[in-house]
Amino acid sequence: MVRRMFAGFVVTLSLSGCFFDTETSLRKHLEQTVYVREPLYFRDRLGCTAAMYSLYARYPKAGLTQVGDLSGALYLLEKGRPVAFSMGLSPHEISLAVREHEQRSGLGIIQAGAAGVAMCMDEDIQDLLFDAMLSPATLTIYDPNTKILTLVDWKNKRAWALRAMDY
């Protein structure tokens with residue numbers, strides 16, 4: 001069910017170029033918000049980027065704003081600020097709430113998750129991501145400047161980094 005929903009989002013996306021030439025380039029962006037260790041998975045291809053890293057710490061870096069309500073988070077995203085959604089909702093529930101608000105800043109969150117799953121991941125690793133997407137314990141971080149959706153799955157000590165094509 002969730003897979004079909006994310007695949008449905010991808011149908012609306014149009015193709016564009018790759019985003020990060022290397023894993024090192026993506027890591028440079030991620031290190032601004034989370035404490036990543038070594039890469040466990042990386043794929044950058046036409047239209048999307050998907051990666052999985054092990055983590056040093058469960059918490060985002062001090063400069064990242066954690067927001068406990070959707071309106072505040074969307075306001076900050078509109079202003080171009082990265083946000084950690086601290087609402088006790090799973091990434092999937094956050095994407096549904098964002099979609100209801102129909103704000104352009106929120107579309108990147110949905111597209112990043114959709115493209116990362118449907119276009120950039122091997123099937124054997126998708127189930128691990130879906131588990132993280134459905135867990136309220138997963139911290140959802142979105143940076144509207146880089147259009148990177150980061151899911152911090154501390155239970156499994158890993159972070160997912162997903163990015164879709166430009167919209």
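1. Strand 5 (139-143) and strand 6 (residues 148-153) run antiparallel and are joined by five bridges, where two strands count as paired if DSSP finds at least two bridges between them, and where strands (E, at least two residues) and helices (H or I, at least four residues) are DSSP runs numbered from the N terminus. Within this pairing Asp 143 stands opposite Ile 148 in strand 6, and the two strands form a hairpin with four residues between them. The model is a predicted one, in which local features need pLDDT of at least 70, side-chain atom pairs count only at pLDDT 80 or more, and totals for chains, interfaces and linings use all residues. Residues are numbered from 1 along each chain as its sequence is written, and side-chain values use heavy atoms, with hydrogens and water left out.

2. The turn of that hairpin holds Lys 147, which has a positive phi of about 60° although it is not a glycine. Lys 147 is partly exposed, with a relative accessible area of 22%; buried here means under 20%, exposed over 50%, and partly exposed in between (1.4 Å probe, protein chains only).

3. Strand 5 is largely enclosed by the rest of the structure, because five of its five residues are buried. Leu 139, Ile 141 and Asp 143 point one way from the strand, whereas Thr 140 and Tyr 142 point the other way, and all are buried. Strand 5 also pairs with strand 4 in the antiparallel sense, over three bridges, and there Val 83 stands opposite Tyr 142.

4. Strand 6 is joined in turn to strand 7 (residues 158-164) by six bridges, and these two strands run antiparallel; Ile 148 has Arg 163 as its bridge partner in strand 7. The loop between strand 6 and strand 7 contains Lys 157, a residue other than glycine with a positive phi of about 55°, and Lys 157 is partly exposed at a relative accessible area of 45%.

5. These strands belong to an open sheet of seven strands, with the order 1-2-7-6-5-4-3 and mixed pairing. Strand 1 (36-45) and strand 3 (65-67) are the edge strands, each of which pairs on one side only. Neighbouring strands of the sheet are turned by 20° against each other on average, direction ignored. Helix 6 (residues 123-133) packs on the sheet and touches strand 1, strand 2 (48-55), strand 6 and strand 7, with its direction making about 100° with that of strand 7; contact means heavy atoms within 4.5 Å, and axes are lines fitted to C-alpha atoms, for helices over the stretch in contact, with angles running from 0 to 180 degrees between N-to-C directions.

6. Ser 90 lies in the loop between strand 4 (83-85) and helix 4 (91-101) and is buried, with a relative accessible area of 2%. Its side chain reaches the backbone oxygen of Met 133 at 3.5 Å. Not counting residues up to four places away in sequence, Ser 90 touches Met 133, Leu 134, Ser 135 and Pro 136.

7. For the protein chain as a whole, the secondary structure comes to six helices and seven strands, following the pattern α-α-β-β-β-α-β-α-α-α-β-β-β along the sequence. Of its 167 residues, 52% count as buried, and among contacts between residues at least 6 apart in sequence, 62% join residues at least 24 apart.

Terms used
A polar contact is a pair of N or O atoms within 3.5 Å; within protein, one must be able to donate a hydrogen and the other to accept it, and residues adjacent in sequence count only if both atoms are side-chain atoms.
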